[in-house]
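Here is a brisk report on selected features of one protein model. Keep the sequence and the structure in view as you read.

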Amino acid sequence: MKISEKWLREWVDPCVDTRTLAHQMTMAGLEIEAIEPVAGEFSGVIVGEILSIEPHPDADKLRVCQVNAGAERLQIVCGAPNARVGLKAPLAIVGGELPGGLKIRKAKLRGVESQGMLCGGLELGLSEDNVGLMELADDAPVGEDLVEYLGLDDCVLEIGLTPNRADCLGIRGIAREVGLLNNCPVHEVSSEPVQPSLDEILPVELRAPERCAHFVGRIIRGVDLSRPSPLWMQERLRRCGLRSIDAVVDVTNYVMLELGQPMHAFDRDKLTGGIIVRTADAGETLTLLDGSEVTLTPDSLVIADHSGAMALAGIMGGDHSAVRDNTQNLFLESAFFTPELIAGKARAYGMHTDASHRFERGVDFALQVRAMERATQLLLEVVGGEAGPIIEEIASNAMPVRGDVTLRSARIRKLLGLDLSASEVERILSGLGLGVTAFDGGWTCTVPSWRFDINIEVDLLEELARIYGYNQLPASRVRADLVMPVRPESRLSARALRRHLAARGYQEAITYSFIDPKLQALFDPDHAPVALTNPISSDMAVMRTRLLPGLLAAVAHNTNRQQSRVRLFETGLRFVQGADALHQVPTLALVCSGERFNKSWSAVEEASDFFDLKGDVESVLSLTRRGQDIAFDTATLPGLHPGQTATITRKGQGVGYIGALHPAIGRDLGLESPVYACELDLETALTRALPRFEELSKFPEVKRDLSFVVDQTVTVAQIMADVSAAAGPYLTDLRLFDVYTGKGIDPKRKSLSLGLTFRDQSRTLGDEDINLTVGQVIDLLEKNYNAELRK
């Protein structure tokens with residue numbers, strides 16, 4: 001936001017220079033991002049008046065002007081198309097200097113002497129438009145220095161406001177802050193009620209009171225829009241970054257900059273019936289002031305008459321009811337729109353306006369009548385006319401309620417580390433506009449209508465620290481009782497989990513909790529996601545029920561930048577809508593793609609596969625000391641390859657899934673290499689069994705290897721579970737060490753090799769013990785799986 005320092009000093013004039021003022025405001029949270037002069041540096045420019053014009057004898061586009069310079073009459077050769085007798089314009093006299101170092105000298109243009117230069121706004125650094133001479137007011141004093149006349153010894157302060165400080169989106173709010181910081185008075189502008197000279201009103205109906213609870217209007221008849229807005233107003237608008245359009249728009253913009261209340265003016269003669277503030281009808285269209293036609297959504301608020309929508313409320317007016325050069329009668333509007341319900345609506349239509357910027361952050365809901373009176377006063381002064389009475393409609397039950405907040409004096413010392421006197425606390429809080437009532441041990445504060453960001457005690461403490469000065473808060477050593485936190489052995493720390501995954505070559509990613517609804521439907525169509533009321537963009541419109549979509553976007557981002565090996569993990573929340581509440585489920589997700597190993601002279605270049613990720617998941621689960629409770633079962637899940645997907649269960653209860661990304665989805669996402677992904681309930685990965693001592697056996701172990709052929713459809717997990725049960729109590733370890741298909745094996749079958757380790761705690765096992773057990777295993781395999789033992 002840009003403001004004129006001179007304008008600000010008309011409201012409050014502290015005895016500090018510009019740099020000190022900027023520092024004060026920055027330290028109080030109103031960061032000054034830039035200080036710029038309002039015009040280019042020039043000298044020797046005065047107010048001149050054209051007395052006569054004659055054509056140039058040797059140039060069609062030039063004219064010879066006789067100009068009154070106050071103390072003398074000068075001859076100026078000028079080519080500006082708007083030069084005319086009686087026009088008052090800036091005149092650079094001989095010896096003057098324009099921005100850029102251009103010095104004014106006597107010169108001959110096509111043989112005719114020119115004793116200076118009539119200037120446009122572009123030459124003086126006052127405008128970016130090259131439209132001819134800068135036209136000054138008819139009452140501009142001839143011969144007066146232009147800097148003095150226009151008050152160009154001024155600076156523009158560019159303020160970077162945080163979203164919570166909507167109260168400072170106007171000169172009035174900033175003046176309140178500056179006055180408090182310097183303990184000097186603030187001079188409010190007069191907004192005396194304008195006595196109506198008409199009795200004409202329009203009926204107003206609030207059909208969406210939860211979105212618009214306060215609407216103020218007024219009819220003004222007989223305006224003359226051929227009269228421009230005064231130069232001082234145009235200059236203030238220009239210095240604040242707004243260009244002059246016409247008197248009506250300039251006045252509404254001026255009131256917005258002065259008080260912080262956006263307003264809009266309609267052509268009264270183009271309104272049918274009364275005013276209706278309602279939500280848009282499905283499919284309803286509206287042509288806006290910028291000429292664009294939008295199809296309105298049912299959650300958009302419009303200001304309509306009985307023929308249809310006339311404006312997109314809080315964003316932009318409509319073209320049909322716009323004020324034109326021939327407009328004679330106006331309907332002024334000033335309203336309060338609920339910030340949280342209007343937020344994001346402009347962005348949804350690809351727009352951002354000064355009005356939407358303010359309404360989204362919160363406009364003072366008690367300001368509408370005052371803004372209307374101020375705008376009426378200015379309009380009657382500028383374009384004349386007759387004003388009707390104020391039309392006010394309030395939905396009292398939907399108006400914001402500002403409650404009281406209690407501040408305890410003991411909390412000031414505890415949280416800010418300083419002792420503030422009661423009088424200083426009351427001075428600061430009352431200076432911010434709060435109603436302050438003291439009681440024993442603190443104060444009860446009534447929050448003003450313009451502060452939406454003060455709700456609890458710490459908000460008041462922040463205000464005290466801000467105005468007192470963050471840089472003046474005393475530095476003191478922190479004193480606290482340090483208690484060693486309990487770290488149960490049955491709980492694995494998230495940090496240990498992250499370090500383990502990092503050691504296996506994974507990098508941690510943090511992705512948005514908001515995802516594209518289309519991606520959400522691909523991976524979890526069974527759960528309806530929570531839709532955002534005001535999404536940042538259309539591809540971040542719902543809360544994720546899976547972490548996978550965000551990680552896939554990160555994989556695509558990396559592979560598009562020549563990363564041939566991607567290993568990512570994320571710990572975060574999934575948002576699953578339950579029957580009675582929204583469940584936030586802590587989840588661990590992993591993805592891998594590309595090469596198995598980083599390129600090295602000692603590593604073979606191979607692509608990752610399903611079992612690489614499965615091994616990483618098993619290593620994570622081994623940290624829980626509950627690996628024996630985990631099983632992988634073949635499954636078919638949305639978004640994943642039907643032949644390479646499994647659910648992960650613990651004691652029969654599903655705790656996650658693992659699988660290969662479906663090739664069709666991978667192509668749509670621009671992923672050329674296969675991607676393997678896993679999601680696991682984080683609680684499963686962090687909950688571990690307590691370590692338990694087992695005495696080491698004094699007796700040797702005995703190993704046996706079995707190789708056999710079974711059908712391709714038989715799962716290894718199923719075989720190992722049956723073998724483990726059949727092998728009896730002596731089996732201490734069972735491992736799969738080879739899977740073979742190919743030459744010498746039926747294409748419909750596969751060869752598996754298992755390693756069995758036996759040991760007893762009380763004696764050495766003999767061959768007869770081992771042979772009996774192995775025989776039971778072989779009988780099981782032959783009977784249940786039609787296995788053929790390989791010799």
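Glu457, Asp459, Leu460, Leu461, Glu463, Leu464, Ala465, Arg466 and Ile467 of helix α13 are buried. Buried means under 20% relative accessible area, exposed over 50%, and partly exposed in between, with a 1.4 Å probe and protein chains only. This is a predicted model: local features need pLDDT of at least 70, side-chain atom pairs count only at pLDDT 80 or more, and totals for chains, interfaces and linings use all residues. Residues are numbered from 1 along each chain as its sequence is written, and side-chain values use heavy atoms, without hydrogens and water.

**Helix α13**

Helices (H or I, at least four residues) and strands (E, at least two) are DSSP runs, numbered from the N terminus. Helix α13 covers residues 457-468, 12 residues in total. From first C-alpha to last it reaches 17 Å, close to the 16 Å expected at 1.5 Å a residue. That expected span is 1.5 Å times one less than the number of residues.

Why is α13 largely enclosed by the rest of the structure? Because 9 of its 12 residues are buried. The cover over these buried residues includes α2 (18-27), α4 (171-182), β24 (404-408), α11 (409-416), α12 (422-431) and β26 (442-446). Contact here means heavy atoms within 4.5 Å. Gly469 follows α13 and has a positive phi, near 115°.

**Aromatic rings**

The structure holds 8 aromatic pairs. Rings of Phe, Tyr and Trp (its six-membered ring) pair if their centres lie within 6.5 Å; planes under 30 degrees apart count as stacked, over 60 as edge-to-face and the rest as tilted. Two of the pairs are tabulated here.

| Pair | Centre to centre | Angle between planes | Geometry |
|---|---|---|---|
| Phe337 and Phe359 | 4.8 Å | 70° | edge-to-face |
| Phe365 and Phe452 | 6.2 Å | 75° | edge-to-face |

Phe337 sits in strand β21 (residues 329-337) and Phe359 in helix α9 (residues 354-361), so to speak distant parts of the chain, 22 residues apart. Both Phe337 and Phe359 are buried.

Phe365 lies in the loop between α9 and α10 (368-383), and Phe452 in the loop between β26 and α13, so this pair ties together parts that are 87 residues apart in sequence. Phe365 is buried, at 10% relative accessible area. Phe452 is partly exposed, at 25%.

Trp7, Trp232 and Tyr254 form one aromatic cluster.

Trp450 carries charges over its ring. The charged end of Arg172 sits 5.7 Å from the ring centre of Trp450. Arg176 lies over the face of Trp450 at 4.1 Å from the ring centre. The cut-offs: NZ of Lys or CZ of Arg within 6 Å of the ring centre and within 35 degrees of the ring normal.

Most residues other than glycine have a negative phi. Arg110 has a positive one, near 55°. Arg110 is in the loop between β8 (107-109) and β9 (112-114). At 54% relative accessibility, Arg110 is exposed.

Lys651 also has a positive phi, of about 55°. Lys651 lies in the loop between β33 (640-650) and β34 (653-661). Its relative accessibility is 65%, so Lys651 counts as exposed.

**Strand pairing at β11**

Two strands pair if DSSP finds at least two bridges between them. Strand β1 (residues 2-4) runs antiparallel to β11 (residues 155-160), joined by 3 bridges. Ile3 stands opposite Leu157 in β11. Strand β2 (residues 31-37) also pairs with β11 in the antiparallel sense, over 6 bridges. There, Ile32 has Ile159 of β11 as its bridge partner.
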